[in-house]
Structures are given as C-alpha cells and as structure tokens.
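Open the model in your viewer and keep the selection tool at hand. We will go stop by stop, and at each one you select something and look.

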Amino acid sequence: MRSVIRTMSRKKAVKGRGSSKSPKSSPSSGRTGKGLAAAAAPSSGLVYPSRPSISNSGEFYDIAFKVMLVGDSGVGKTCLLVRFKDGAFLAGSFISTVGIDFRNKVMSIDAVKVKLQIWDTAGQERFRSVTHAYYRDANALLLLYDVTNKASFDNIRAWLTEIHEYAQQDVVVMLLGNKADSTHDRAVKREEGEKLAKEFGVPFMETSAKSGLNVELAFTAVAKELKHRTMKEPDEPKFQLQEYVNKEMRTAGCCRS
Ligand SMILES: Nc1nc2c(ncn2[C@@H]2O[C@H](COP(=O)(O)OP(=O)(O)OP(=O)(O)O)[C@@H](O)[C@H]2O)c(=O)[nH]1
Ligand SMILES: [Mg+2]
C-alpha cells in the first residue's frame, strides 16, 4: 500500500506540469546528489505567474512555493505529507523514504490560490547530500522531530545548523513536534519544544499525522506567511505566524485536526 502511494507520486512527478519547476528524475532513477539538483532545480523556488496557471492535477493556482519536510528518519515526514494531501494515516510497517519525493497541493489562502510543492526528504544520513542540493530552492522548511524520540529532538540543533548552511537566508522555518498522539511514549515535553523554538526564533507547534492534529494548520500557516511576504500591500502589517497559529489553536480548543 505504502509503496504504491510512493510509486504513484513519483509517476506524477515525472509527468508534472511546468517541467522546469518539477523534478525530471528522482534519485531512484540513478542520478544522485548535486548532479540531480543541478538538472532539476530552477533558479528560484517561487512561481508568480501574471495570470492563473494550472497544476498537474488540473487545478488553477495564482502563486506557487516549495516547502521541504526535513528531520531525522522515522519522525513522520512522509506520514505528515500523506495526511495533509490525502487525509489518511499510513499505519503499518515503516518504509523509509529513499532519496526525495514531492506532492503538490493547491490551497485557498485569502482568496488567492496557493500551490505548495511539498518535498518529502529522506531522513537517513546516507541521503543527506541529496537533501542538501534541494535546500536552496525551498521557500519554507518544516523541521520535524518525534516527541517519543529524544534523540530526534536533540538533533534539531544540528538540523538548524545545516539549514543555515544550505537554505536561503529568508527561508521560513517551522519546528514541529510530531506524534503528539503518543501520550504514553512521550519523551519530549511540549514546553521543551517551545523553548528550543524560542531560542532559535522559529514558530513551533505539535502535530500528529496519526490523528491529524494541527497538520492542516501547519501547512496553512506556512502558506499564509509565504503569500503575505509576496503579495503584501505596503501599508499592510507583517503576518505574525506564531500568533496566527496560537490563535487558531485557541479557537479550535487546542486540538485541531
Ligand atoms: N503514533 C504516531 N506514529 C506516527 C506518526 N507519524 C508517523 N508515525 C509512524 O512513524 C513511522 C515513521 O513514519 P514516516 O512518516 O515514514 O517517517 P519519515 O520521517 O518519513 O522517515 P524517513 O523517510 O526515513 O525519513 C511509521 O511507522 C509511522 O506509522 C504520528 O503522528 N503518530
Ligand atoms: Mg519518509
């Protein structure tokens, strides 16, 4: 089941619209590392057509951004993406991502159609050079740790160092503590996540790909931030991502799915 989903998304990627904006091959096709990125990655991750464009799923969109999911292997990046895109949870045995993959989703943000091209990276160390090559085109990064895995939390500092090294300076970064549904196995308190995020000046929230908690909200918040940055009127106040997230969570009584 799981591999079918991945195979399907790879096929989509190959025949995707706007070929200069989409990968022409994946690491599984035999190309690796920087060579792949040089062939596939456009000079800017941002698409801002003068009139609506059409995505490969047939949906119109006004503006497009690239969002990358990063973090240790097993923290739930693929599951988060599948939950957001398909509204389902990939239960069962864990199949680690090989290389990199992507899926598109068009969202309606303040009457603007925003296409997110979401890159799902492999957390395993051996694919790190592939991931590095894609950072520079990312407009936003969702950095995940697993609240039941302390090591994945401890590695966040190293991930942030890597992000500073390889990503664009103005990239939007959001820290997500995933698997918040696992109350019995929890090894990292929410307050610890909040503290670390404050230290690095990045927004934070806990999510669950399993229950759906805050998944839509995480992507919506990032899409709103990117849309505001690009289309903001001169007198319009700056979008406050963390404030928006806090307000939305309060409105939903803390646990929004
Ligand atoms: N309880 C719980 N389990 C989850 C959640 N998200 C993912 N998992 C489980 O965690 C394991 C790893 O999930 P993946 O999404 O494949 O992890 P990944 O980050 O993509 O891992 P790599 O591809 O190796 O980088 C799987 O067994 C999932 O079922 C969650 O929110 N809650
Ligand atoms: Mg994965």
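## Stop 1: a lysine and its partner

Select K179, which is partly exposed with a relative accessible area of 25%. Buried means under 20% relative accessible area, exposed means over 50%, and partly exposed is in between (1.4 Å probe, protein chains only). K179 and D146 form a salt bridge, and their closest N and O atoms are 3.1 Å apart. A salt bridge here is a side-chain nitrogen of Lys or Arg within 4 Å of a carboxyl oxygen of Asp or Glu. The pair links distant parts of the chain: K179 sits in the loop between β7 and α7, D146 in strand β6, 33 residues apart. Helices (H or I, at least four residues) and strands (E, at least two) are DSSP runs, numbered from the N terminus. Side chains of opposite charge can pair when their charged atoms come close.

Before going on, note what you are looking at. This is a predicted model, in which local features need pLDDT of at least 70 and side-chain atom pairs count only at pLDDT 80 or more, while totals for chains, interfaces and linings use all residues. Residues are numbered from 1 along each chain as its sequence is written, chains are lettered from A and ligands numbered from 1 in the order in which they are written, and side-chain values use heavy atoms, with hydrogens and water left out.

## Stop 2: colour by confidence

Colour the model by pLDDT, the predictor's confidence in each residue, from 0 to 100. The mean pLDDT of the protein is 82, and 77% of its residues reach 70 or more. Select residues 1-45: here the pLDDT is below 50. Beyond near neighbours in sequence, this stretch has 81 contacts in the model, a contact being heavy atoms within 4.5 Å. The model scores ipTM 0.99 and pTM 0.82.

## Stop 3: the sheet

Switch to cartoon view. In what order do the six strands of the open sheet run? The order is β4-β5-β3-β6-β7-β8, with mixed pairing. Two strands pair if DSSP finds at least two bridges between them. β4 (100-109) and β8 (204-206) stand at the edges with a single partner strand each, so one side of each has no neighbour in the sheet. On average, neighbouring strands of this sheet are turned by 25° against each other, direction ignored.

Select β4 and β5 (residues 112-121). They pair in the antiparallel sense over 10 bridges. M107 stands opposite V114 in β5.

Next, select β6 (140-146) and β7 (172-178). β6 and β7 pair in the parallel sense over seven bridges. The bridge partner of L143 is L175 in β7. β7 also pairs with β8 in the parallel sense, over three bridges. There, L176 stands opposite M205 in β8.

## Stop 4: both faces of β7

Show the side chains of β7. Seven of its seven residues are buried. On one side are V172, M174, L176 and N178; on the other are V173, L175 and G177. In a regular strand the side chains alternate between the two faces of the sheet.

Now select helix α7 (residues 190-200). α7 lies across β6, β7 and β8, running at about 160° to β8. Axes are lines fitted to C-alpha atoms, for helices over the stretch in contact, and angles run from 0 to 180 degrees between N-to-C directions.

## Stop 5

The structure holds 11 salt bridges. Stay on α7 and select R190 and E194. Their side chains meet in a salt bridge (3.0 Å, N to O). R190 and E194 lie four residues apart, about one turn of the helix. R190 is partly exposed at 43%, and E194 is partly exposed at 33%. Then select D110, K224 and K227, which salt bridges with shared partners join into one network.

## Stop 6: the magnesium ion

Select ligand 2. Which protein donors does the magnesium ion have? They are T78 (OG1) and T97 (OG1), lying 2.1 Å from the ion. Donors are N, O and S atoms within 2.8 Å of the metal (3.2 Å for Na, K and Ca); water is not among the atoms, so sites may look incomplete. T78 lies in helix α3 (residues 77-86) and T97 in the loop between α3 and β4, so the pair ties together parts that are 19 residues apart in sequence. T78 is buried at 11% relative accessible area, and T97 is buried at 8%.
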